[in-house]
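Here is a short note to read beside the model. Take the points in order, with the structure open.

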Amino acid sequence: MTGVFREGHNKPRPRLREPLRLEEPQGPSKIRLGVLVTATALAVLGAAWAYKANAHPGPTAHSHILQAPLAGVRNNYWYDYKSDVEEAENELRKDLRRAKTAQDKREAWSEYNRELIDARKDYRKEMVEKGYVQRGEVYVGDYDR
C-alpha cells in the first residue's frame with residue numbers, strides 16, 4: 001500500500017500559525033478583560049432573572065385557589081377541582097410561552113382567572129348540593145328574628 005500515493009500526499013496540511021511576537025501585546029490587559037466579561041455575564045443573568053420574576057405575579061395571585069377542601073371532605077369533587085386548577089395553570093404556561101405582545105399576556109391571565117373562578121363555582125355548587133356546605137343568606141334592611 002505504500003506505492004499508491006506519492007510520499008507526503010496523505011499528510012495533513014500544516015496549520016497556519018501566527019508569527020511569534022516578542023514584545024507585549026498592546027490592548028486591554030487580561031484582568032480588565034476578565035472583569036468586563038464577568039460584569040457583562042452578571043448583567044445578562046440579572047436581566048434574565050428579572051424578566052422571569054416579572055413573568056409571574058407571585059403567590060398573592062393564587063390566594064383565591066383553595067388549599068384545603070371545603071368542610072374538610074376529600075371527595076371526587078375536590079379532586080375534580082384540583083385537576084381543573086392544574087389544567088388552568090398548564091394552559092396559562094402554554095399561552096404565556098406563545099404570547100407575543102402584552103395584550104396576549106393579558107388575555108392569557110384573564111382566561112386563567114375565568115377558569116379558576118368557574119372551577120371554584122362548580123366545586124362549591126356540588127358541595128352545596130351534597131349538603132356539605134350551607135348556602136349563605138344575606139339580609140338587607142331591618143330583620144328581626
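1. Helices here are DSSP runs of H or I with at least four residues, and strands are runs of E with at least two; both are numbered from the N terminus.

2. A word on the source. This is a predicted model, where local features need pLDDT of at least 70, side-chain atom pairs count only at pLDDT 80 or more, and totals for chains, interfaces and linings use all residues. Residues are numbered from 1 along each chain as its sequence is written, and side-chain values use heavy atoms, with hydrogens and water left out.

3. The chain has three helices and zero strands. Along the sequence the pattern reads α-α-α.

4. Helix α3 covers residues 102-129, which is 28 residues. From first C-alpha to last it reaches 41 Å, close to the expected 40 Å. That expected span is 1.5 Å times one less than the number of residues.

5. Which residues of α3 are buried? They are A108, W109, Y112, L116, A119, Y123, M127 and V128. Buried means under 20% relative accessible area, exposed means over 50%, and partly exposed lies in between (1.4 Å probe, protein chains only). An α-helix has 3.6 residues a turn, so residues three or four places apart point the same way.

6. Over the chain, buried residues make up 16% of the 145 residues.

7. The largest nonpolar core has 17 residues. Such a core is a set of buried Ala, Val, Leu, Ile, Met, Phe, Trp, Tyr and Cys residues joined through side-chain atoms within 4.5 Å. Those with the most contacts inside this core are I65, L66, L70, Y81, Y112, L116 and Y123. The largest share, eight residues, comes from α3.

8. Look at two of these residues. Y112 counts as buried because its relative accessibility is 2%. Y112 and A88 lie 24 residues apart in sequence, yet 5.8 Å apart in space, C-alpha to C-alpha. Leaving aside neighbours within four places in sequence, L116 is in contact (heavy atoms within 4.5 Å) with H64, I65, V85 and A88.

9. Now turn to helix α1, residues 30-55, where L33 is found. Is L33 buried or partly exposed? L33 counts as partly exposed because its relative accessibility is 44%.
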